[in-house]
Amino acid sequence: MATYEELIKLCSKKFKLQWLYGKNQNGRNFLSDAQSSHYPSLYVGFLNIIHPERLHIIGAPEVAFLQGLSVPDRLGIVQQFRKNNSLGFVICKDLELPEDFVRAVIEENIPFFTSDACAEDTLTNIRHNMVRLAAPSCSMHGVFMDVFGIGVLMTGQSGIGKSELGLELVTRGHGLVADDVVDFIQRGPNQIEGSAPALLANLLEVRGIGLLDVKTIFGETSVRRKMKLDLVAELKQFEQGELMDRLPETELYTEILGQQVRTMIIPVGGGRNLAVLVEAAVRSAILQKRGINTIQEFFNRQRELMEKED
């Protein structure tokens, strides 16, 4: 949800964005679903009376423009912005606005902020963070790991052994991103990024033992703050007599946030070393990224042999 509170929190990493007036709207979702899906970066810019619905950045040129207007014209701009549900104003670098303009903004309860950065930096950072807030996101059940630099989401029914497998992979030198709940957000056209909710960061639940603080037990290198999703490893318990495709001719994919993510089925059974299987699946995925498809090469080899025999 794109709230002013979240926007201020994100911006605070680069500069100080603070409320001046209208703080009662701190928790307001200022971007509708339609705005979020339709170029959210367009909803912030320098003061522009042609696009009153934006969040308006006010620097020295904008202050000079407002000071050059008559009082009725200034008040008319505020009323026009209120009528079009303006996202508010951000005044930069301790600049001063005409008092009548400020009083009108307060009366109309339009969000008003101050920034300690210059207008250009303020615009760049707010635009970047508005896009982040509007990005598609979801939460999924599973264990998200960094295996050989590849982000692997391990899924499967509850109790199948995902967390235990995650622990085994950590002991083999790989990194934990998230256990049980994984938050995904789309960072680009072909990039989904996963991380752990703040409450569960660095924690791994193992049945019979309880919660383990992986970072404390195994050290800094055993955890990752976030990771790009590259592969889904589905742990599946096959029933007796149930057939599985041992040499699939077509690749499997899982749709996450509208993107197709390569998927591999890992059969679960007594005596199977799942950690080794996941590592092998990751190595195979890396080869496929490089254009090496072992199954297809086998089929080609088989076809050539059959043609020679004919």
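At what angle do helix 1 (residues 4–11) and helix 6 (residues 119–134) pack, and how far apart are their axes? The legends below take up this pair and then other close-up views. The model is predicted, so that local features need pLDDT of at least 70 and side-chain atom pairs count only at pLDDT 80 or more, while totals for chains, interfaces and linings use all residues. Residues are numbered from 1 along each chain as its sequence is written, and side-chain values use heavy atoms, with hydrogens and water left out.

**View 1. The packing of helix 1 against helix 6.** The two helices pack at an angle of about 125°, with their axes 10 Å apart; axes are lines fitted to C-alpha atoms, for helices over the stretch in contact, and angles run from 0 to 180 degrees between N-to-C directions. Helices (H or I, at least four residues) and strands (E, at least two) are DSSP runs, numbered from the N terminus. The angle makes helix 1 oblique to helix 6, given that angles under 35 degrees count as roughly parallel, over 145 as roughly antiparallel, 65 to 115 as roughly perpendicular and the rest as oblique. On the side of helix 1 the contact (heavy atoms within 4.5 Å) is made by Glu 6, Leu 7, Leu 10 and Cys 11, and on the side of helix 6 by Ile 126, Asn 129, Met 130, Arg 132 and Leu 133. These residues divide into six nonpolar, one polar and two charged, where Ala, Val, Leu, Ile, Met, Phe, Trp, Tyr, Cys and Pro count as nonpolar, Asp, Glu, Lys and Arg as charged, and the others, Gly among them, as polar.

View 2. Helix 7 is mostly covered, since seven of its 10 residues are buried; buried means under 20% relative accessible area, exposed over 50%, and partly exposed in between (1.4 Å probe, protein chains only). Among the buried residues of helix 7 are Leu 165, Gly 166 and Leu 169. Helix 7 packs with helix 9 (residues 274–289) at an angle of about 75°, their axes lying 9 Å apart, which makes helix 7 roughly perpendicular to helix 9. Leu 165, Glu 168 and Leu 169 of helix 7 meet Leu 274, Ala 275, Val 278 and Glu 279 of helix 9 in this contact, whose residues divide into five nonpolar, no polar and two charged. Just after helix 7, Gly 173 takes a positive phi of about 100°.

View 3. Ser 158 lies between strand 7 (150–155) and helix 7 (162–171), and counts as exposed at 57% relative accessibility. Its C-alpha atom is separated by 9.0 Å from that of Gly 142, although the two residues are 16 residues apart along the chain.

**View 4. Positive phi values in two loops.** Most residues other than glycine have a negative phi. Lys 93, in the loop between strand 4 (88–92) and helix 5 (99–107), has a positive phi near 55°. Asn 202, in the loop between strand 9 (191–195) and strand 10 (203–206), has a positive phi near 70° and is partly exposed, with a relative accessible area of 25%.

**View 5. Cysteines without a disulfide.** A disulfide is a pair of cysteine sulfur atoms within 2.5 Å, and by this rule the count is zero. The sulfur of Cys 92 is 7.6 Å from the closest cysteine sulfur, in Cys 118, which is too far for a bond. Cys 92 is buried, with a relative accessible area of 1%, whereas Cys 138 counts as partly exposed at 25%.
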